[in-house]
Amino acid sequence: MLRATAFPAAALAALLWSPASAQSADPGPDAGAMRASLDSCLEAAEDRAGDEACIGGPSSACMDAPGGESTMGMSGCLGAETEAWDAILNSLWPQVKAAAAEGDAADMPQEMGLPTQAETLIAAQRAWIAFRDADCLHAYAMAGTGSIRQIEGASCRLSATAMRVLDFREWLRPGP
């Protein structure tokens, strides 16, 4: 699994998760339940449009529940759904890597001195992690100094992570 370890990722995590984690009396939203909800939604989806309809559903329901209407509650809901999407992303990663390796075995690009799918996939994923973290830190900063910045940053991270999952799912779908 690829994980970003640079300072911007740590800073982003601290900025986006600190309000929700400050709620010590309430354990907060259940990322496991959100994962189950997303798994069910994705299983029912027939195509990319169906997959996209799954984004935001669990966090919206969470925000409609008691405690979800505050900035801290919304951040917690968005964070829990992001955690669920990240778990899906990490569960798909071995399949995506295996598909790239299979493509390399079939095409033998290394024999011609060309970059392989496996090599470029790892480079792309590392670059995507760095981009997502920087882009969402920018979304956070662009929201000004008010508490809405928590929501903007967390929303960005949720959307970016979910869309990467959908990219992986698209790559793994059988072709025509």
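## Overall layout

How many helices and how many strands does the protein chain have? This is a predicted model, and its protein chain has seven helices and zero strands.

Of the 176 residues in the protein chain, 36% count as buried. The accessible surface of the chain comes to about 9400 Å², and 60% of that belongs to carbon and sulfur atoms. If you take the contacts between residues at least 6 apart in sequence, 75% of them join residues at least 24 apart.

## The largest nonpolar core

Let's step inside. The largest nonpolar core holds 27 residues, and the members touching the most other members are Leu38, Leu42, Trp85, Ile88, Val165 and Phe168. At least two residues of this core come from each of α2 (31-44), α5 (71-107), α6 (117-142) and α7 (148-172). The largest share, 11 residues, is supplied by α5.

Leaving aside residues up to four places away in sequence, Leu38 touches Cys54, Pro58, Glu81, Ala84, Trp85 and Ile88.

## Helix α4 and its buried side

Pro58, one of the contacts of Leu38, also belongs to helix α4 (residues 57-64), whose buried residues are Pro58, Ser59 and Cys62. These three lie on the same side of α4 because they cover an arc of only 95° around the axis. In general, an α-helix has 3.6 residues a turn, so residues three or four places apart point the same way.

Which helices do the buried residues of α4 pack against? Their partners are α2, α5 and α7.

Methods
Residues numbered from 1 in each chain as written. Predicted model: local features only at pLDDT ≥ 70, side-chain atom pairs only at ≥ 80, totals over all residues. Heavy atoms only, no water. Core = buried A, V, L, I, M, F, W, Y, C linked by side-chain atoms within 4.5 Å. Buried < 20%, exposed > 50% of the residue type's maximum accessible area, 1.4 Å probe, protein only. Helix = DSSP H or I, 4+ residues; strand = E, 2+ residues; numbered from the N terminus. Contact = heavy atoms within 4.5 Å. Arc of directions from axis to C-beta. Areas by Shrake-Rupley, 256 points an atom, 1.4 Å probe, with all protein chains shown as cover.
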